[in-house]
Amino acid sequence: MEIIVPIRQVPDVALNIRVNDGVVVEDGVSFVISSWDETAIEGALQMTEELGGEVTLLGIGPQRVSEALRKGLAMGAHKAIHVLYEEGQTDSFGYAKIMTKVMEGRNYDMILTGKQAQDTDAGLTASMLAEFLELPQVTNIIRFGDLAADGLTVYRKGDHGTEVLGLKLPAVVTVNDSLNEPRLASMRGIMMAKKKPMESLTPADLGMNAEELGLQGSMTEVLKFEKPESRKEGERFEGEETETVPMTLQKLVSEAKLAV
Amino acid sequence: MPKVLVVAESKNGEIKKPTLELLSLAKSQNLQAETILIGNDVSSHADLLAGYGAEKVYLADDAGLSIYNTSQFTALVEDAAKQSGATQIWLTSSETGRDLTPRVAARFGVGALSDVTELEINGDDITVVRPCMATKLVQQCRFRNDGLKVISIRAGTYEATEASAGSADTVSLSIPEGDPRVEVRNIQVEETNEIELNEASIVVSVGRGTGGTEGCEFVKPLAGEMGAAFGASRAVCDAGWMPHKHQVGQTGTVVSPDFYFAFGISGAIQHLAGMSGSKVIVAINKDAEAPIFKVADYGIIGDLFKAVPVFQEEVGKLKN
């Protein structure tokens with residue numbers, strides 16, 4: 001089972017994110033692998049541990065992306081591809097086009113990635129890639145079942161319940177974080193990661209020209225980032241619940257127009 | 001001339017509220033709107049959709065479409081969009097919408113903007129605001145192309161306005177072949193008699209402070225008594241105390257009700273990202289340092305097991 005896991009390197013959203021003049025401040029930011037992509041790496045590792053094969057990571061971005069790729073290799077992935085990319089703002093459509101070029105001529109059974117990336121929370125790139133590659137897609141999976149001759153069983157969280165699907169490979173699959181708990185890299189894993197193969201490519205190596213990259217290659221544009229209107233801390237009530245609860249409800253009705 | 005094609009959705013024999021929100025939005029913006037409805041036994045909804053402003057209803061009604069699948073749904077939306085001459089396609093942020101939005105966009109060779117919480121529409125010139133970075137930031141975006149624009153809009157962003165009685169102009173779509181590479185084998189359907197999380201105006205939600213299934217079940221009746229949907233944090237669902245369908249959060253259901261009651265929920269980032277759009281947040285937690293108190297409009301520092309019976313009594317009084 002050959003699995004390619006595209007990952008996105010993102011600012012750690014658990015920490016403070018600052019905006020200056022409509023742009024996210026990168027200075028002093030701690031970068032991590034997007035959480036859902038870690039889930040995807042773990043899913044790929046578990047599958048190759050059971051069925052054989054290799055996990056290849058794919059990262060697109062500036063030099064610092066290689067650190068995220070090394071972290072994924074430290075978890076146990078076998079090799080990585082870094083498309084060194086410094087073309088500026090690029091949307092999901094643009095990224096999907098680059099990934100399509102990377103996939104050309106490569107052998108894989110599955111492209112497995114997070115359902116959305118933690119920086120944009122857009123959830124578009126993987127499905128666009130599937131369309132461009134003319135592959136079937138299943139998004140938001142919460143469980144893998146068995147691999148049989150007639151396909152891989154996957155469990156998808158849909159709007160009406162959990163869908164049980166039979167998927168013929170190769171295919172694009174995105175994961176929900178209920179799928180697994182990603183392993184931590186061990187010290188040994190970190191040491192071994194340094195020696196694992198990291199293929200370095202540029203957009204020129206992929207035969208892409210300027211119109212296909214950055215803002216020119218994008219269909220949508222971010223005009224600016226902003227902090228949303230923050231919720232202010234409201235009133236607090238402490239004491240006997242027999243008093244605080246009726247007090248709160250009274251305020252909810254009179255101030256906030258609660259109706260039950 | 002701008003023309004919107006709304007991708008409608010139904011569940012349990014009813015059109016889902018977010019669909020009506022989208023049609024109402026188109027109407028309020030004086031945009032010509034048509035809609036496509038895909039499913040099994042859904043044709044009877046056409047008049048309702050017309051009443052909400054759909055000038056044409058494209059129907060794909062077939063037993064094989066009762067469960068979502070990417071291939072047929074994408075092909076059907078493509079067909080309807082071409083027949084309609086739509087300049088914009090609007091979808092909701094349901095799981096169907098999330099899967100379908102990018103595939104439809106890529107089918108047409110265009111981009112998409114997803115999970116939009118604000119739209120500024122000037123004909124086909126659209127600027128949007130959407131949350132990002134686990135809702136810590138928002139981004140203002142626009143389309144770069146002049147052609148088709150594909151957007152998904154977060155449920156609860158706009159109101160569904162009252163509709164008039166409608167008589168639909170329907171168009172039957174021919175059902176395309178399914179993709180043999182994806183076989184829908186089964187669906188584990190959830191209970192149908194509970195209020196949908198992303199359509200409820202009140203949500204009563206439980207977290208790890210409940211201590212287990214029993215604790216969650218202790219709070220649950222309050223939801224029913226308040227006419228609320230029942231939600232749970234990821235910790236509660238991952239621990240198996242409550243089924244995942246109740247999960248509120250960035251990877252569960254994103255909710256924006258009028259009132260969100262959080263019982264024993266500490267307020268982890270991905271949870272806040274899933275409910276920070278609530279108009280009023282009420283938190284009940286023993287721990288005064290719980291992050292949820294920073295976003296709660298009303299915070300009760302107390303024992304949820306003592307608070308719930310008092311809530312039940314007071315709610316009973318309010319109803320009489």
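Biologist: Which residues does B:L49 touch, leaving out those up to four places away in sequence?

Modeller: B:L49 touches B:A8, B:I15, B:L23, B:T35, B:L37, B:A54, B:V57 and B:A168. Contact means C-beta atoms, placed from the backbone, within 7 Å. Keep in mind that this is a predicted model: local features need pLDDT of at least 70, side-chain atom pairs count only at pLDDT 80 or more, and totals for chains, interfaces and linings use all residues. Residues are numbered from 1 along each chain as its sequence is written, and chains are lettered from A in the order in which they are written.

Biologist: How many residues does the largest nonpolar core have?

Modeller: The largest nonpolar core has 175 residues. A:V5, B:V6, B:L49 and B:I89 have the most contacts inside it. Such a core is a set of buried Ala, Val, Leu, Ile, Met, Phe, Trp, Tyr and Cys residues joined through C-beta atoms within 7 Å. Buried means 20 or more other C-beta atoms within 10 Å of the residue's own; exposed means 12 or fewer, and partly exposed is in between.

Biologist: Where does that core lie relative to the domains of chain B?

Modeller: Domain 1 (3-172) and domain 2 (197-319) of chain B both give residues to this core, so it lies between them. The domain bounds come from an automatic or database assignment.

Biologist: How far apart are the C-alpha centres of those two domains?

Modeller: The centres of domain 1 and domain 2 of chain B lie 30 Å apart. Their contact takes seven residues from domain 1 and 10 residues from domain 2.

Biologist: What about chain B overall: how many helices and strands?

Modeller: Chain B has eight helices and 18 strands. These are DSSP runs, numbered from the N terminus: H or I of at least four residues for helices, E of at least two for strands. Of the 320 residues of chain B, 57% count as buried.

Biologist: Switch to chain A. What's in it?

Modeller: Chain A has six helices and 15 strands. Buried residues make up 48% of its 260 residues.

Biologist: Is helix α1 of chain A largely enclosed or open?

Modeller: Largely enclosed by the rest of the structure, because 12 of the 17 residues of α1(A) are buried. Among them are A:W36, A:I41, A:L45 and A:M47.

Methods:
Two residues are in contact if their C-beta atoms, placed from the backbone, lie within 7 Å.
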